Amino acid sequence: MITREGRAKIMDNMKSTFTKYKVGSGGDSTNPNAGDLDSPLGSVGSVSPTAVGISTLEFNFSINGSDFLGHTIKEVGIFDSAGTEMLIRTNYDGFGPLTSTDVVQFIITVEVD
C-alpha cells in the first residue's frame with residue numbers, strides 16, 4: 001500500500017510533469033508499452049491537472065470541432081510537458097465526424113492508490 005505521503009508526492013510529480021494532451025482516431029486496445037496514440041490528430045494541447053481528494057487527479061480540457069473538422073475522435077492521451085512520454089491512453093467508441101460548431105469536453109481521472 002502506498003502511504004498518504006507517498007501518494008501526495010506521486011500526485012505532485014504527475015501534476016507538474018504531465019501537462020499535455022493529444023486526441024486521435026485510433027481505436028484498438030491500449031498496449032502498456034505504447035509511447036504515443038495510435039493515430040494522433042493535430043497538435044499537443046495544454047492541460048492543468050487538478051487534485052481531487054488525496055489520491056485522485058483530474059485532467060479536464062475541451063477541444064473545438066473546428067480544429068478537428070471531419071474527424072472522428074476515438075482515443076485521448078495525457079503526456080509530459082514535451083508531449084513525448086505518455087502517462088495514460090483511453091480509447092472508446094468514436095464520436096464524430098466533428099463539425100465546426102462542436103465543442104467536446106474531456107475529463108480524465110487518474111487515481112493513485
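Predicted model: local features only at pLDDT ≥ 70, side-chain atom pairs only at ≥ 80, totals over all residues.
Phe 61 is buried, with a relative accessibility of 5%. The cut-off for buried is under 20% relative accessible area. Tyr 21, at 11% relative accessibility, is therefore buried as well.

The structure holds four aromatic pairs. One of them joins Tyr 21 and Phe 61, whose rings are stacked, with 3.7 Å from centre to centre and 15 degrees between the planes. This pair links distant parts of the chain: Tyr 21 belongs to strand E1 (residues 20-24) and Phe 61 to strand E4 (residues 56-64), 40 residues apart.

Another pair is made by Phe 95 and Phe 106. Here the rings are tilted, at 45 degrees between the planes, and their centres are 6.1 Å apart. Phe 95 is in strand E6 (residues 86-95) and Phe 106 is in strand E7 (residues 103-111), so the pair ties together parts that are 11 residues apart in sequence. Phe 106 has a relative accessible area of 6% and is therefore buried. Phe 95, in contrast, counts as partly exposed because its relative accessibility is 24%.

The residues of both pairs come together in one aromatic cluster, which consists of Tyr 21, Phe 61, Tyr 92, Phe 95 and Phe 106.

A ring can also face a charge. The charged end of Lys 22 sits over the ring of Phe 79, at 4.5 Å from the ring centre.

Conventions: Residues numbered from 1 in each chain as written. Heavy atoms only, no water. Phe/Tyr/Trp six-rings, centres within 6.5 Å; stacked < 30°, edge-to-face > 60°. Helix = DSSP H or I, 4+ residues; strand = E, 2+ residues; numbered from the N terminus. Buried < 20%, exposed > 50% of the residue type's maximum accessible area, 1.4 Å probe, protein only. Lys NZ or Arg CZ within 6 Å of the ring centre and 35° of its normal.
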